[in-house]
Amino acid sequence: MSYEGRIWCGTVNSRYLNQKIELFGWVNRFRDMGGILFIDLRDRTGIVQLVVDQNNISNFQELRISNEDVLKIVGIVRQRPKDKINIKIPTGEYEVEVHEISVLSKSLTLPFPINEEDYKDVSVDETLRLKYRFIDLRRPKMFKNLYFRHKLIKKIRDFLDENEFLEVETPILSNPTPEGARDFLVPSRIQKGKFYALPQSPQLYKQILMVSGIDRYFQIAKCLRDEDLRADRQPEFTQLDLEMSFINYNDVFCLIEKMLKEVLLTTMGLEIKVPFLRMEYKEAIDQYISDKPDLRFPYPIRKLDIEKVQINVESVTNDVYFLIIPQTINRKEIDNLYNSGYKFLYLVREGENYKGTLLKYIQLEQFNGFVNNLEDPELKNKELYTVFVIFNQPKVKLNEIKQVLIDRKILLPTCSFYFLWVNNFPLFKLEEDGRISPEHHPFTNVHPEDKDLLIELYNNIDKFDSTMKSRFTSIRSLAYDLVLNGVEVGSGSIRITDPELQKMIFSIIGLTEEEANSRFGFLLNSFKYGVPPHGGIALGLDRIISILLMTNSIRDVIAFPKTQSGSCLLTNSPSGVGEEQLKELGIELLPLA
RNA sequence: GGGGGCGUAGUUCAGCACGGUCAGAACGUUGGCCUGUCACGCCAAAGGUCGCGGGUUCAAGUCCCGUCGUCCCCGCCA
């Protein structure tokens, strides 16, 4: 074998011309021509063609090569004749004349094809792929995904290292974290009846590390949440978790922007514009009906000022909203929308040509004046647009219309990747049962401009009924999300370091001092010994990688993912455990319902 | 917890709405031939309890009920 100077199949080139080399790999395909045998030998770097001539190989007749056998060969790299060059593969100018060949191991016939050509127009059932994940990962596409993931994470580590960050590992056997999801529990054998919780995030530990003066911490951290799965949600997932001292949120934004710019450039040659657009939470909800707008489609839903733009419809009793798109939409699609139940007026302008139901309710000149005054970078060409107007309906309807146009690919994205900061999330949300709970987590700092409001509401909380409690949701926090293509890919905040404020928050969310101390006492205690102001963020790496690689689900960028019911089809986890093991843990199972 | 899709040779699928020559195709696999192929070609062959269980019917891949698996979505979760 040869570790030193190993030559990879996909890298055979002129450097090795006429040299005797040793190659290892899998039989990707073979073509037996009778007296001559061509083998495409594959490793993770690619394919090279081997030529096995019966004149060179003594045991030619006994060779019973089959696909996916593992071979070791020794041979001479040759230039292929001009008319025999295969331009489809990087090594296509060369081939290896085999002098020695040995089959290191045989392979059964694969349960599904992995050759890219065989694969082109078919997608194998994912159940099968997951059961035979070891074969699935041989596919160049899957290897590419894992390779990219590796490189991205390595570059992130390098970048943060250069910026004085320290990677610190925090425990997996842990206590419940304040993220609000269900915990995975691990029974303690030594202390029967007690449980560890697997961390939903390293949140508490990283704040402790700030008290410890680590100052800049990060971790490529496994996070675990016992909630239902989705295409972009796994019970265990990987976050880039980081925390910094003596910073404000702007520092976090700049750091992440700089990091992503550098990392995406070096890993995929992608140039992204920084700084990313920053949008107030309120604005996002107001204009895009979402706290994670997809600004590849930068068309807000806006209120029409009917003082300035008259709409002569008698039945307008409520706000009028409009959506303007810088392109024309044909009649058929508009009819389609209308027939699927959306009620709207519309106007399509194409040069001096105006069409649509809105036409007879407006004064065209006035309306054009209004459109021309819209400050909308997407509306450069104001002679080509479609406007939808609705009234007496929630503006969500207009957003749904936009979504239908996107789904039907009538509206096309204006770019491939759009990063966005959504800033100043509310500090609290109101639960259905009337409780106030943290929108992010209870250590999120209040926005300085809203601190007085918080104190005022807090002082009057006893007088509030449930409807008045909703006033709490108007308090802004120093929490922010990073959004990529309409997907939340990161979340963070500036934390509370003022004990009085922290007490207030616990009190508002209904946590008694006792409960707070039992859950987070160690953190609160540490804050008594000199806590620096700090904040941070966690980026969902699986999601980011999945979006960048444009895979259908995050499963395609995770080596061994779980199915929607939380199973690993490769290992058959989760599985039952024996009586003995349960007994040792002091656990008795209830009968299955 | 709820809604929806899918489940037929090793694989990808057709067949199901209208029950009865419907056990089919392609690729793959196996055997044979072939010294320049590269998705090699040619000849031949094997291969399916139609996810599982029950029901309706003279008759069930096909209709009904249940169940299991998987995928997508809502709830939940950043």
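Some ground rules: residues are numbered from 1 along each chain as its sequence is written, while chains are lettered from A and ligands numbered from 1 in the order in which they are written. Because the model is predicted, local features need pLDDT of at least 70 and side-chain atom pairs count only at pLDDT 80 or more, with totals for chains, interfaces and linings using all residues; side-chain values use heavy atoms, with hydrogens and water left out.

**Around the RNA**

Let's start with RNA strand B, which is surrounded by 53 residues, where a residue counts as near if one of its heavy atoms lies within 4 Å. The closest are Arg80, Lys84, Glu179, Arg225 and Glu488. Sorted by type, the surface has 23 charged, 18 polar and 12 nonpolar residues; here Asp, Glu, Lys and Arg are charged, Ala, Val, Leu, Ile, Met, Phe, Trp, Tyr, Cys and Pro are nonpolar, and the others, Gly among them, are polar.

Helices (H or I, at least four residues) and strands (E, at least two) are DSSP runs, numbered from the N terminus.

The table lists some polar contacts, meaning pairs of N or O atoms within 3.5 Å.

| Protein atom | Atom of RNA strand B | Distance |
|---|---|---|
| Arg78, polar side-chain atom | base oxygen | 3.1 Å |
| Pro111, polar backbone atom | sugar or linking oxygen | 2.8 Å |
| Thr563, polar side-chain atom | phosphate oxygen | 3.0 Å |

One open sheet has eight strands in the order 6-9-10-22-21-20-17-11, with mixed pairing; two strands pair if DSSP finds at least two bridges between them. Strand 6 (166-167) and strand 11 (277-280) each have a single partner, so one side of each has no neighbour in the sheet. Within it, strand 9 (residues 216-224) runs antiparallel to strand 10 (residues 236-245) over nine bridges, and Lys222 sits opposite Thr238 of strand 10. Helix 5 (residues 203-211) packs on this sheet, touching strand 9, strand 10 and strand 22 (534-540), with contact meaning heavy atoms within 4.5 Å. The direction of helix 5 makes about 25° with that of strand 10; axes are lines fitted to C-alpha atoms, for helices over the stretch in contact, and angles run from 0 to 180 degrees between N-to-C directions.

Another open sheet has five strands, ordered 12-13-16-14-15, and its pairing is antiparallel. Its edges are strand 12 (301-304) and strand 15 (353-355), each with a single partner, so one side of each is left without a neighbour in the sheet. On average, neighbouring strands here are turned by 25° against each other, direction ignored. Strand 13 (residues 320-325) and strand 16 (residues 384-391) share six bridges in the antiparallel sense, with Ile324 facing Val387 of strand 16. Helix 9 (residues 364-373) packs on this sheet, touching strand 12, strand 13, strand 14 (345-350), strand 15 and strand 16, and its direction makes about 105° with that of strand 16.

The model counts 38 salt bridges, each a side-chain nitrogen of Lys or Arg within 4 Å of a carboxyl oxygen of Asp or Glu. One of them joins Lys106 and Asp69 at 2.8 Å, N to O. These partners are 37 residues apart and link distant parts of the chain: Lys106 is in the loop between strand 5 (94-105) and helix 1 (116-119), Asp69 in the loop between strand 3 and strand 4 (70-79).

Most residues other than glycine have a negative phi, and most peptide bonds are trans. Glu164 is not a glycine, yet its phi is positive, about 70°; Glu164 lies in the loop between helix 4 (140-162) and strand 6. Val274 and Pro275 are joined by a cis peptide bond, omega about -5°, and Pro275 sits in the loop between helix 6 (249-268) and strand 11. The bond from Ser573 to Pro574 is cis too, with omega near -5°; Pro574 is in the loop between helix 15 (541-548) and helix 16 (579-585).

Note on methods
Polar contact = N/O pair within 3.5 Å; in protein donor to acceptor, adjacent residues only side chain to side chain.
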